[in-house]
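Here is a short briefing on one protein chain. Topics run from the overall fold to single residues.

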Amino acid sequence: MRISVFCLFLTCFAPINPVHAAGEGDTLRQIAKTAKIRIGYREAEPPFSYLLPDGEVTGFSTDLCRAISEDIRTQLKLDRLDIEYVKATPATRFILVRSGKIDIECAATTNNSERRKMVDFSYPNFMTATQFLSRKQDNLKSLADLAGRSVTSASGTVNIEQLNAVNREKNLNISVMPTKTNEEAFELVVAGKASAFVMDGILLAALAATSDNPGLYALSDETLSAPEPYGLVFRRNDPAFKAAVNESLRQIFTGPTIHGLYEKWFTKPIPPNGMNLNLPMTASLKQAYEHPNEYRD
């Protein structure tokens with residue numbers, strides 16, 4: 001398996017169309033040349049990717065990409081491989097990947113057909129559905145309860161697109177309030193300036209759990225989507241790099257490593273404050289790990 005991936009890498013040294021030389025098809029070659037891989041991270045997206053108070057980048061997706069980086073170092077026979085962390089937001093992540101400023105984005109990014117026109121995705125590494133978070137005192141249980149209210153979501157996400165679609169389809173007359181980050185959206189709910197925040201359920205649960213008063217907030221049972229997969233993100237038209245990433249993930253997912261990683265981030269206290277999501281692995285996610293495949297919606 002590793003031999004075939006390395007052979008794909010060798011093809012990267014064939015003449016390259018000048019039109020694509022700046023960004024597509026040459027990630028492994030650039031990594032070999034510079035002994036550096038650039039990983040995109042988020043400042044506050046626990047448990048997937050976030051900063052600790054001392055500035056260290058950590059999280060479930062970060063751990064996966066560190067393991068992938070070590071596998072790539074071995075394949076390329078490098079004595080060392082430096083990791084450069086590059087901050088990304090929901091609004092900038094695809095721009096940074098496509099421009100070549102990030103080699104692989106390691107956070108919580110949903111894989112869908114529209115996004116695959118811009119970037120490429122690894123095998124799914126997590127699955128979640130879109131829900132909304134609100135203050136318990138407002139007693140908002142369903143999408144119908146949001147009618148006529150102000151609801152927020154981060155720009156550049158699938159979630160705000162789903163919110164706008166539901167708003168139109170159900171004639172809810174919701175006032176949609178876009179923000180740059182998830183943290184800004186959550187603060188609008190905390191301050192009572194928005195009635196609800198629409199986002200991936202796992203990210204909403206994490207934001208509530210890390211707040212000063214987690215018991216003040218409720219996560220909706222009703223969803224705006226079926227469960228959708230997260231994937232690691234990299235440039236399109238780069239089969240060698242994609243094969244290297246997916247082969248590394250295959251070995252992680254189908255072996256014992258994934259169980260330890262999952263427990264570390266989803267069923268045990270995590271830094272810096274000991275938040276515990278207490279989220280056992282679902283049957284659908286277990287199936288995705290046991291039989292890793294490219295996702296196509």
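Helices and strands here are DSSP runs, numbered from the N terminus: helices are H or I runs of at least four residues, and strands are E runs of at least two. On that basis Asn237 is found in the loop between strand 14 (228-234) and helix 8 (239-254). The model is predicted. The protein has 10 helices and 14 strands.

**Overall shape**

- The radius of gyration of the protein is 20 Å, close to the 19 Å that the globule rule gives for 297 residues, so the protein is as compact as a globular protein of that length.
- Along the principal axes, the C-alpha atoms fill a box of roughly 60 × 40 × 35 Å.
- Of the 297 residues, 52% count as buried.
- The accessible surface comes to about 13500 Å². Carbon and sulfur atoms account for 52% of that surface.
- Take the contacts between residues at least 6 apart in sequence: 74% of them join residues at least 24 apart.

**Annotated domain**

- An unreviewed UniProt entry carries the annotation "domain: Solute-binding protein family 3/N-terminal" for residues 36-269.
- The span of residues 36-269 is 34% helix and 26% strand.
- The end C-alpha atoms of residues 36-269 lie 32 Å apart.

**Strand 12 and its partners**

- Strand 12 covers residues 196-200 and is mostly covered, with 5 of its 5 residues buried.
- Strand 9 (residues 130-135) pairs with strand 12 in the antiparallel sense, over 5 bridges.
- In that pairing, Thr130 stands opposite Asp200 of strand 12.
- Strand 10 (residues 150-154) pairs with strand 12 in the parallel sense, over 2 bridges.
- Here Thr152 has Phe197 of strand 12 as its bridge partner.

**The disulfide**

- A disulfide is a covalent bond between the sulfur atoms of two cysteines.
- The count for this model comes to 1 disulfide.
- Cys65 and Cys106 form the disulfide, with their sulfur atoms 1.9 Å apart.
- The pair links distant parts of the chain, 41 residues apart. Cys65 is in helix 3 (residues 60-75), and Cys106 is in strand 6 (residues 104-110).
- Which hand does the disulfide of Cys65 and Cys106 have? The torsion about the S-S bond is about -90 degrees, so the disulfide is left-handed.
- Cys65 has 1% relative accessibility, so Cys65 counts as buried.
- Cys106 is also buried, because its relative accessible area is 0%.

**Backbone exceptions**

- Most residues other than glycine have a negative phi, and most peptide bonds are trans.
- The peptide bond from Pro46 to Pro47 is cis, with omega near 5 degrees.
- Pro47 has its place in the loop between strand 2 (44-45) and strand 3 (49-51).
- A cis peptide bond also joins Pro271 and Pro272, where omega is about 5 degrees.
- Pro272 is in the loop between helix 9 (257-267) and helix 10 (283-290).
- Asn139 is not a glycine, yet has a positive phi of about 55 degrees.
- The loop between strand 9 and strand 10 holds Asn139.
- Asn237 is not a glycine either, and has a positive phi of about 55 degrees.
- Is Asn237 buried or partly exposed? Asn237 has 45% relative accessibility, so Asn237 counts as partly exposed.

Notes. Residues are numbered from 1 along each chain as its sequence is written. This is a predicted model: local features need pLDDT of at least 70, side-chain atom pairs count only at pLDDT 80 or more; totals for chains, interfaces and linings use all residues. Side-chain values use heavy atoms; hydrogens and water are left out. Buried means under 20% relative accessible area, exposed over 50%, partly exposed in between (1.4 Å probe, protein chains only). Two strands pair if DSSP finds at least two bridges between them. UniProt positions are given in the numbering used here, feature names are shortened, and annotations may be inferred rather than shown by experiment. A disulfide is a pair of cysteine sulfur atoms within 2.5 Å. The radius of gyration is taken over C-alpha atoms; the globule rule is 2.2 Å times the number of residues to the power 0.38. Contact means heavy atoms within 4.5 Å. Accessible areas come from the Shrake-Rupley method with a 1.4 Å probe; for residues, only the protein chains shown count as cover.
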